[in-house]
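Morning, everyone. I have one structure to walk through today.

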There are 2 protein chains.
Amino acid sequence: MSARSAETLAIGSELLGPSRLDTNGLYLSRRLGERGFTVRFRTAVGDDPDDLRSAFDVAIRRSDVVVATGGLGPTVDDLTREAVAGLLGLPLEEDLAVLAGIEARFRSLGLVMPPRNRRQAEVPRGAVVLPNPLGTAPGLLLRHQDRTIALLPGVPAEMRAMVDAALLPLLGTTGERFVDRVLRIAGLGESEVDRRLLDVHRDRGPVEWTILAMVGQIEIHLRQKVEEKAAAPDVERLDAAIAAVLGAHLFGRDDATLESVIGDLLLRRGAKLAVAESLTGGAVARRITGVPGASRYFRGGVVAYSDDAKRDLAAVPEAVLREHGAVSEPAALGMAAGIAARLGADWGLATTGYAGPEGGDTAHPPGTVFLAVAGPGLRRARALTLPGDRSQVQERSTTAALDYLRRALLEAGA
Amino acid sequence: MSARSAETLAIGSELLGPSRLDTNGLYLSRRLGERGFTVRFRTAVGDDPDDLRSAFDVAIRRSDVVVATGGLGPTVDDLTREAVAGLLGLPLEEDLAVLAGIEARFRSLGLVMPPRNRRQAEVPRGAVVLPNPLGTAPGLLLRHQDRTIALLPGVPAEMRAMVDAALLPLLGTTGERFVDRVLRIAGLGESEVDRRLLDVHRDRGPVEWTILAMVGQIEIHLRQKVEEKAAAPDVERLDAAIAAVLGAHLFGRDDATLESVIGDLLLRRGAKLAVAESLTGGAVARRITGVPGASRYFRGGVVAYSDDAKRDLAAVPEAVLREHGAVSEPAALGMAAGIAARLGADWGLATTGYAGPEGGDTAHPPGTVFLAVAGPGLRRARALTLPGDRSQVQERSTTAALDYLRRALLEAGA
C-alpha cells in the first residue's frame, strides 16, 4: 500500500462569488491527511451541468480519491448526482430504502416529505449509500476503475459527521499518515527567520517545510509522512533545532496564541494583569479576554482615546501629558503603571500612538507607536514605527504589545 | 461582445492544508464580476511542477481568462513562471528593465538584491510585465490563442493593487457587468428574514439572490448582469422592497458595518460615546475604534472584568453590585450611565454577562448577557440568552450591543 492522491470539489455557485469560501476543504484536508491521502487540488465549481461535468472529469482523471461536497439537495440547482451519473454512464435509480429514510426523517419532525425531496433518493447504479444522520441528503460512494468518488452534502456539520462515520472507514488506509506541527514566532520578520534557520532548513530531511507570514507573526508548518502507527522523529528533531536557534522568539506550537501563552505565564506566577490602550482601541483587552479563564488573571483595562481618559481612567499625571504629549514614551509608561496601580494588578501593559489616517504630525506620522510594560521592579517602554493602513497598524501594534509583555514576563522568571 | 468566462488559480502548497484558504479568490471574483467576467472555477494547487502544469492546462482549455496568484517569489518553491512557460512552449528570458526595478527596490530599502531574486526578472517570451508597486515580484500577462493568462503575486495587498492598476485595464471589457448589492440586516434570524421576504423573493426577476447568515447578522447578496453602462433597475427595485419590509432591521448596504453606521449617527448628532464592557472584553471598543475618524466621537471605554473595576472605572455604585450582582440589568445600566458621566459622553453603552465556559450559576448560565444604553433622556437595558461557545457568545454579544445602541440612536432622532 502506498499514499494516494486526493482532491476536493466544493459545489455551489455561491462559492464563486465575492463573499464565500469553501471551508469544508480545510476539514477534508485534515482528515484525509491523517490517513495519508495528499490533497493536491481544491476546486470550487458552480451549479452548472457542463461545469460540474468538466470538474469531475478532470478530477477523476488525475486523482485517486475525489471528494465532492454540495449539490445533493432537493432543488433544481442541485445537480451533483446527475453530473456524476452522466459522466460515468450510470443510470440513476430510485433507492427505496433511501426514500423510506427521507420520509421517516420528515415524519420524525412532524412533517410530510415534499414531493421535490424524492430526488434525493436517486442513486447512480452501483453506488454505496452513505447515511446522513443529520440531514435528508444521503452521501454516495462510487468506485470507477481504480478511482474512488465520494459525494457528500455541503452543510458542514453533516459533511463532517459523514466523513468520520462513513467515508474514512470505506476509504481504508494508505498505511501512512501525515504528522503536522506549527511553530509560532513573534518579533522577527520572515527573511530574518529564513536567514537564521538556513542550516536547520537544509537538514530538514523528509519534512515538508512551509513558512507563512501573518500580520506581526511568522508560522513554520512542518509536515512529515510516516507509517500509520509510527512517530515522526524528524519533526521532533527540527522542532528542537528551531527552538534552539530562535529562543524566546518561538512563543508556541500548534494552537497556542500570544494571549494564551501570556495567560499561562501569569497563572504560573500567580500574577494579575491590567491594560491601558489608546490606538489599539480595545484589541489588546479583546485578545486577552478571548482566552477561556482569563478572569483568573485579567483585572480589566481602559480604552483611553482622549487625553482626559488617559488622565482620569489610566491615572497618567497631567504634567506628563502636558510636557510630553499623549503619544510619547512617558505617557505610555504612565498608562502602564497607572492602570496597574488603579486596578491592583501586578502587571500593566499600555499602547499609545497614531493608527491613521487622521492624527499625528511631522515628528509622529501615523504608524508611530509607543508600548510600555510595568511589572514588579520593572518599567520599560519602546517606540515602533509600523507600516500599513489603520487596521494593519492597529493589528501589528496589538501583536507587538502582547509580545512585549510576554518577553517581560519570561524575563521576570517563574 | 459578450460576457466571457474566467477562472482563478491559487498557487501554494499551504493552500491545500488544513489551515489556510485562498482569500484572493474573493477579490478576483468581485473585480472580474464588475467587468462582466463570470468566474466559473476557483482552484487551489500546490507548488508541484506536474500539478501546476495540469492546473494551467485544464484552466486554459476551458476558460477565456485565467488569473493565477502566488508562486512568483524568489525561492525554489516558486514555480509558476516555469510551469506556464513550459506549458505554452515559451522560453524564459531575463528582462533587464525588470531586473533594474528589483535592484532599485532593494536599494531604496538600503539593501543589496540577494542573488536568488534575479529569478524574478525572468519573463516568458512575449509576456507583458505588470508592475508591482508594493513588492519585488512583477506580474505577467500572456495571450495564448484567444486566451488571456495573468500571473500575479499571492500577497493580497500586492495582488489587489496590480489587479486594479494593471490587469483590469488590459483585460478590457466584455460589454457587460455585474451589479452587486449587499443588504445588511441585524436583529432577525435567517428563517425570519426568509419568511418576511417571501413575496419580494418571488418577484426577484433576473436578479441572483443569496442569503448568508453570519454571527449575529444576515446578508442578502443581490447580483444582476446588465450592459456595461446600464443601471440595474431590478436591483434598485428589490433594494427598495426589502427596505420597506425590514425597516430598521436593515442597517446598511455594501461595506457598511454596524460600527460605521453608529459613527455616522453620532457625527450627525454631534454626540460623543463611551463604553463599559465586561464579557465582550474590549470587542465593542475595538469595533468602534476600527472606524477611521472614531476619535471624533469616541471618548473611550473600560473593560471592567472584576467587580472592583466596574465600581472604580465605570462608577457603578457599590450598592448595585452588592444587591443585584455584576451580571444584572441594574449593573449594566449603572455601567452605561457611569462611564458616560465619567468620560463626559452623551451616550454610554455597556455589556455584562457570562461568556463561559467558566462563571455563571443555575439562574445565569454561560450565555446570559445584559446590554444597556444610556443617552439623553434615555436609559434602557435588555437581557439576552445566547447560544454557542465562549467566542461565539462574545461575538454575538458585541454585535447585539452595537445594534442595540444603533436602534437607540435612530429613535433619538437627528
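Which strands of chain A does helix 8 lie across? Keep in mind that this is a predicted model. Helix 8 of chain A covers residues 233–246. It lies across strand 9, strand 10, strand 11 and strand 12 of chain A. Against strand 11 of chain A, the helix runs at about 155°.

Now the sheet under discussion. It is open, with four strands in chain A. The order is 10-11-9-12, and the pairing is antiparallel. Which strands sit at the edges? Strand 10 (208–214) and strand 12 (250–253) of chain A, each pairing on one side only. Neighbouring strands here are turned by 25° against each other on average, direction ignored.

Look next at strand 9 and strand 11 of chain A. Strand 9 takes residues 176–186, and strand 11 takes residues 217–227. They pair in the antiparallel sense over 11 bridges. As a reminder, strands of a sheet pair through backbone hydrogen bonds, either parallel or antiparallel.

Further along chain A, there is a hairpin. Strand 16 (residues 368–375) and strand 17 (residues 378–385) of chain A run antiparallel, joined by eight bridges. Leu371(A) has Arg382(A) as its bridge partner in strand 17. Two residues lie between the strands. What about the backbone there? Gly377(A) takes a positive phi near 65°.

On to the interface. Together the two chains bury about 5,300 Å². Of that area, 55% is on carbon and sulfur atoms.

Polar terms next. Between chain A and chain B there are 36 residue pairs in polar contact, both residues at pLDDT 80 or more.

Salt bridges: six cross the interface of chain A and chain B. One of them joins the side chains of Asp51(A) and Arg40(B), at 2.5 Å, N to O.

Last stop, strand 2 again. What does strand 2 of chain A pair with in chain B? With strand 2 (residues 38–45) of chain B, antiparallel, through five bridges. Within that pairing, Ala44(A) has Arg42(B) as its bridge partner.

Over to you for comments.

How values were computed. Residues are numbered from 1 along each chain as its sequence is written. Chains are lettered from A and ligands numbered from 1 in the order in which they are written. This is a predicted model: local features need pLDDT of at least 70, side-chain atom pairs count only at pLDDT 80 or more; totals for chains, interfaces and linings use all residues. Side-chain values use heavy atoms; hydrogens and water are left out. Buried area is the accessible area (1.4 Å probe) that two parts lose on being put together, summed over both. A salt bridge is a side-chain nitrogen of Lys or Arg within 4 Å of a carboxyl oxygen of Asp or Glu. A polar contact is a pair of N or O atoms within 3.5 Å; within protein, one must be able to donate a hydrogen and the other to accept it, and residues adjacent in sequence count only if both atoms are side-chain atoms. Two strands pair if DSSP finds at least two bridges between them. Axes are lines fitted to C-alpha atoms, for helices over the stretch in contact, and angles run from 0 to 180 degrees between N-to-C directions. Contact means heavy atoms within 4.5 Å.
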